Amino acid sequence: MANSNLDRQSTNVLQVENAKVKRGERLLLANINFTVKAGEFIAIAGENGCGKSTLLSILCAADTAQSALVHGEICIQNVPLKHYKVQQLATIRAVMCQHQSSPFGFFVDEILTLARHAVIEPSHLRHACIAGVSEALDLRHLLHRNIQTLSGGERQRVYLAKALLQLIPSSLEDDLSGKLLLLDEPTSALDLRHQKLVMALLAKLSQGGLSIICISHDINLITPYCTRMLVLANQGVIADGAPNQVLTHGVLKQCYQTDLHLLKHPEHGVFVTH
């Protein structure tokens, strides 16, 4: 197990080199450099409009965002992102966007089955995989519901399950080293119980090798679970490190342009309050 952890720590899953990001004529980010190792759970924080979602859309190779990357290079597993075919990229990188909709009234189990279309597997193993992910995200009772009849929080859990089913070989217990999950506000519509359930599951998967980048405005929710935090402000990364090192009064004031109070939680590190 120790050797396995060392191997993961030496594996570059994502590299962002000298990235410069613009929206129209507006410069959002410049000289962005960071590397993501296997098993890292990284939170990205920053105020509205600082470029978080645009950066994530570039990392996931969204067609609508590629013009925003005006300089620099993105690599996944040491291969430039532009060299991947869509089908190949889909097996190692999954995305859950902030705003997702289903224009058709698919049933939840149909949506989750579609997430496995690139995986060659017997039907009974596919059903078992979907059942396992559904159980982990409290979706079993929703499998035969029309997606358009679900609440916002229920839909979020379905879309997260869909992203996970795209990546895992056969179950949540698999080694996920080398795979990348990109999330944009995945808990914004969830109640407290399901927020905790989702964060605990993501932390468990990162311990199993999955690399996670998660945009979140809820600093207090994500800091007990993530292993690293990037804070964006002033068109760059102003802090990068463990949450208890990154979350200082000075960093937060520079990021959010307001005074915030910090409290020390005995187990979870820093708690940010007004």
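How exposed is Phe 106, given as relative accessibility? At 33% relative accessibility, Phe 106 counts as partly exposed, where buried means under 20% relative accessible area, exposed over 50% and partly exposed in between (1.4 Å probe, protein chains only). The model is predicted, so that local features need pLDDT of at least 70 and side-chain atom pairs count only at pLDDT 80 or more, while totals for chains, interfaces and linings use all residues. Residues are numbered from 1 along each chain as its sequence is written, and side-chain values use heavy atoms, with hydrogens and water left out.

**Aromatic pair**

- The count comes to one aromatic pair, under the rule that rings of Phe, Tyr and Trp (its six-membered ring) pair if their centres lie within 6.5 Å, with planes under 30 degrees apart stacked, over 60 edge-to-face and the rest tilted.
- Phe 104 and Phe 106 form this pair, which is edge-to-face, at 6.1 Å centre to centre and 70 degrees between the planes.
- Phe 104 is exposed, with a relative accessible area of 54%.

**Antiparallel sheet**

- An open sheet is formed by four strands in the order β2-β1-β4-β5, with antiparallel pairing; strands (E, at least two residues) and helices (H or I, at least four) are DSSP runs numbered from the N terminus, and two strands pair if DSSP finds at least two bridges between them.
- The edges are held by β2 (26-37) and β5 (79-80), each with a single partner strand, so one side of each is left without a neighbour in the sheet.
- Two bridges join β4 and β5 in the antiparallel sense, and Cys 75 stands opposite Pro 80 in β5.

- β3 (residues 41-45) pairs with β8 in the parallel sense over four bridges, and Phe 41 stands opposite Ile 212.
- β7 (residues 180-184) also pairs with β8 in the parallel sense, over five bridges, and Asp 184 stands opposite Ile 215.
- A right-handed β-α-β unit is made by β7, helix α7 (residues 192-207) and β8; right-handed means that, with the strands pointing away from the viewer, the path from the first strand over the helix to the second runs clockwise.

**Largest pocket**

- The largest pocket holds about 630 Å³ of space; a pocket is an open set of points on a 1 Å grid over the protein atoms alone, where a 1.4 Å probe fits, with protein on both sides within 12 Å along at least five of seven lines, and lining residues have an atom within 4 Å of a point.
- Of its 32 lining residues, Lys 85, Val 86, Leu 89, Ala 90 and Arg 93 are the closest to its centre.
- β4 (69-76), α3 (86-90), β6 (93-96) and α6 (152-167) each supply at least two residues of this lining.

**Second largest pocket and helix α2**

- The second largest pocket has a volume of about 290 Å³, and of the 13 residues that line it, Ser 57, Cys 60, Ala 62, Val 95 and Cys 97 are the closest to its centre.
- α2 gives the most to this lining, with three residues.
- Seven of the eight residues of α2 are buried, among them Lys 52 and Thr 54.
- Ala 61, whose phi is positive, near 65 degrees, follows α2.

Key:
Points joined across faces, edges and corners; volume = space filled by probe spheres on them.
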